[in-house]
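Hi,

Here is the structure I promised to pass on. Have a look at it first, and then read my notes below.

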Amino acid sequence: KRFDALKGWSPKRVQAKAKLQKKLILKAFDALKPEGEMVYSTCTLSPEENEEVVRHLLGERPAAQLLPVRVEGFRFRPCQGLVGCVRVLPQDNDSEAFFVARVRKGKGMPA
């Protein structure tokens, strides 16, 4: 909803943020106890910062499991090609746009 947010956008900046987020999601996942859960959420709809980051986690950490995202009364849109992750669009909830993934560390599985 803020047009001035577009001023700082560039493909190079998206790639830099995605690279950092891939490191952060691995660190956060590694800090979980077995059967612990975390939510990965961004205020962008960029696939590089969303689906690609979650796919990176799933590829690097076999114990990572995606769980459904549900909030009663809130409308989510599914992400293509990544079951369990969702997008929130401004027109659906009178909100900002964002991405959400809910992740659990499998019991007894290595990080």
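A word on what you're looking at. This is a predicted model, in which local features need pLDDT of at least 70 and side-chain atom pairs count only at pLDDT 80 or more, while totals for chains, interfaces and linings use all residues. Residues are numbered from 1 along each chain as its sequence is written, and side-chain values use heavy atoms, with hydrogens and water left out.

The overall picture

The chain has 3 helices and 5 strands, in the order α-β-α-β-β-β-α-β from the N terminus. (Helices, H or I of at least four residues, and strands, E of at least two, are DSSP runs numbered from the N terminus.) The radius of gyration is 15 Å, close to the 13 Å from the globule rule for 111 residues, so the chain is as compact as a globular protein of that length. That radius is taken over C-alpha atoms, and the rule is 2.2 Å times the number of residues to the power 0.38. Along its principal axes, the C-alpha trace spans about 45 × 35 × 25 Å.

Of the 111 residues, 38% are buried. Buried means under 20% relative accessible area, exposed means over 50%, and partly exposed is in between (1.4 Å probe, protein chains only). Among contacts with a separation of 6 or more, 65% are between residues 24 or more positions apart; a contact means heavy atoms within 4.5 Å.

As for charges, there are 21 positive and 13 negative ones, and their mean positions are 4 Å apart. Lys and Arg count as positive and Asp and Glu as negative, leaving out His and the chain ends. Each charge is placed at NZ of Lys, CZ of Arg, CG of Asp or CD of Glu.

The cores

The largest nonpolar core holds 17 residues, and Phe29 and Leu57 have the most contacts inside it. Two or more residues of this core come from each of α1 (11-31), β1 (37-42), α2 (51-60) and β5 (98-105). (A nonpolar core is a set of buried Ala, Val, Leu, Ile, Met, Phe, Trp, Tyr and Cys residues joined through side-chain atoms within 4.5 Å.) Apart from it lies another core of 5 residues, including Val69, Phe76, Val86 and Val100. Not counting residues up to four places away in sequence, Leu57 touches Ile25, Leu26, Phe29, Met38, Ala64 and Val103.

Residues to click on

Tyr40 is buried, at 10% relative accessible area. Beyond four places in sequence, the residues that Tyr40 touches include Gln21, Ile25, Val53, Phe99 and Val100.

Leu66 sits in strand β2 (residues 64-67) and is partly exposed, at 23%. Leu66 and Leu82 are 16 residues apart in sequence, with their C-alpha atoms 9.1 Å apart in space. Leu82 is also one of the contacts of Leu66 outside four places in sequence, as are Val54, Leu58 and Val103.

Then there's Cys79, in the loop between β3 (77-78) and β4 (86-88). Is Cys79 buried or exposed? With 8% relative accessibility, Cys79 counts as buried. Leaving aside neighbours within four places, Cys79 contacts Glu51, Cys85, Val86, Arg87 and Phe99.

Gly106 comes in the segment after β5 and is buried, at 2%. Gly106 and Gln65 are 41 residues apart along the chain, yet their C-alpha atoms are separated by 6.7 Å. Gln65 is among the residues that Gly106 touches beyond four places in sequence, along with Pro34, Glu35 and Ala63.

Most residues other than glycine have a negative phi. Glu35 has a positive phi of about 70°; this residue lies in the loop between α1 and β1 and is partly exposed, at 44%. Asp94 has a positive phi too, of about 50°. Asp94 lies in the loop between α3 (90-93) and β5 and is exposed, with 65% relative accessible area.

Cheers
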